[in-house]
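Good morning, and thank you for the time on the agenda. I would like to take the group through one protein model, beginning with the overall fold and ending with a few local features.

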Amino acid sequence: MNLTVAIAGNPNCGKTSIFNRLTGTAHSVANYPGVTVEQKIGRTTFDGREITLVDLPGTYSLTAFSADELVARNYVIESRPRVVVDVVDAANLERNLYLTVQYMEMRVPLVIALNMIDVAERRGLTVDTALMSRLLGVPVVATIGNRGAGMHELMQAVVSVADQTGANGLRAVSYGHEVETEVDRLAAVIARENAITSRYPANWVAVKLIEGDPLVRRRVREIAEHPD
């Protein structure tokens with residue numbers, strides 16, 4: 001069975017190096033329909049499985065304020081890749097994990113490639129990948145994309161997650177009691193709308209509506225039976 005895997009991450013996190021290592025020359029470049037954002041698709045095989053990899057635009061967030069953000073978010077929500085590999089710069093965890101949390105909100109099957117671990121170590125930083133994995137509820141694999149280190153282990157984690165059902169151990173994102181109460185109230189209403197929940201996680205839609213995300217508001221009005 002062919003697996004589709006999205007490679008995501010911040011700009012300059014080494015995401016494209018990992019994509020190139022995994023696909024070699026077996027990739028093509030075009031534009032996403034309707035926008036000038038580049039779409040890069042590659043293919044590889046691992047453990048007898050055919051895998052299609054999509055190198056998403058590098059973004060710091062998924063707020064859809066820019067074309068790159070919108071493409072990255074829409075691809076994951078609408079195309080539903082089997083796994084998202086979130087490439088995280090090990091030397092800049094706080095900045096990079098902001099995007100990670102947004103993918104966790106979307107409840108997608110997730111693997112974290114803790115990339116440029118050599119750079120982090122040269123700066124005197126040590127990351128406990130096992131603890132990080134337990135805290136986030138996703139596999140965390142140390143990689144050095146430009147050297148090809150960790151690629152086998154990364155693909156092992158991808159195939160393992162792809163064979164699981166749903167997001168499994170992925171931790172729920174907490175917003176604190178005051179916000180959580182409002183998210184839960186709105187999510188309970190959204191949960192009654194099958195046209196929404198068959199496409200999107202109810203909690204994610206609730207958060208986006210509370211944020212006032214114009215594209216999510218428009219989509220809810222388009223497909224909900226009782227949009228008000």
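Let me begin with a term: two residues are in contact when heavy atoms lie within 4.5 Å. On that basis, among the contacts in the protein with a separation of 6 or more, 66% join residues 24 or more positions apart. Please bear in mind throughout that this is a predicted model.

On the overall architecture, the protein has 10 helices and seven strands. Its radius of gyration is 18 Å, close to the 17 Å that the globule rule gives for 228 residues, so the protein is as compact as a globular protein of that length. Along the principal axes, the C-alpha atoms fill a box of roughly 55 × 40 × 30 Å.

Turning to burial and surface, 48% of the 228 residues count as buried. The protein exposes about 11400 Å², and carbon and sulfur atoms supply 50% of that area. As for charge, there are 23 positive and 26 negative side chains, with the centres of the two sets 2 Å apart.

I now come to helix α9, residues 202-211. Seven of its 10 residues are buried, so α9 is largely enclosed by the rest of the structure. The buried residues are A202, W204, V205, A206, V207, K208 and L209; I draw attention to the lysine in that list. Which helices do the buried residues of α9 pack against? They pack against α2 (67-79), α3 (93-105), α7 (177-190), α8 (194-197) and α10 (214-223).

A search of the whole structure finds one. Its members are Y200 and W204, in a tilted arrangement with 6.3 Å centre to centre and 40° between the planes.

Finally, the backbone. Just after α9, G212 takes a positive phi of about 80°. Most residues other than glycine have a negative phi, which is the background to the next two cases. N12, not a glycine, has a positive phi of about 65°. N12 sits in the loop between β1 (3-9) and α1 (15-23) and is exposed, with a relative accessible area of 68%. R107, again not a glycine, has a positive phi of about 60°. R107 lies in the loop between α3 and β6 (110-115), and at 33% relative accessibility it counts as partly exposed.

Methods: Residues are numbered from 1 along each chain as its sequence is written. This is a predicted model: local features need pLDDT of at least 70, side-chain atom pairs count only at pLDDT 80 or more; totals for chains, interfaces and linings use all residues. Side-chain values use heavy atoms; hydrogens and water are left out. Helices (H or I, at least four residues) and strands (E, at least two) are DSSP runs, numbered from the N terminus. The radius of gyration is taken over C-alpha atoms; the globule rule is 2.2 Å times the number of residues to the power 0.38. Buried means under 20% relative accessible area, exposed over 50%, partly exposed in between (1.4 Å probe, protein chains only). Accessible areas come from the Shrake-Rupley method with a 1.4 Å probe; for residues, only the protein chains shown count as cover. Lys and Arg count as positive and Asp and Glu as negative; His and the chain ends are not counted. The place of a charge is taken as NZ of Lys, CZ of Arg, CG of Asp or CD of Glu. Rings of Phe, Tyr and Trp (its six-membered ring) pair if their centres lie within 6.5 Å; planes under 30 degrees apart count as stacked, over 60 as edge-to-face and the rest as tilted.
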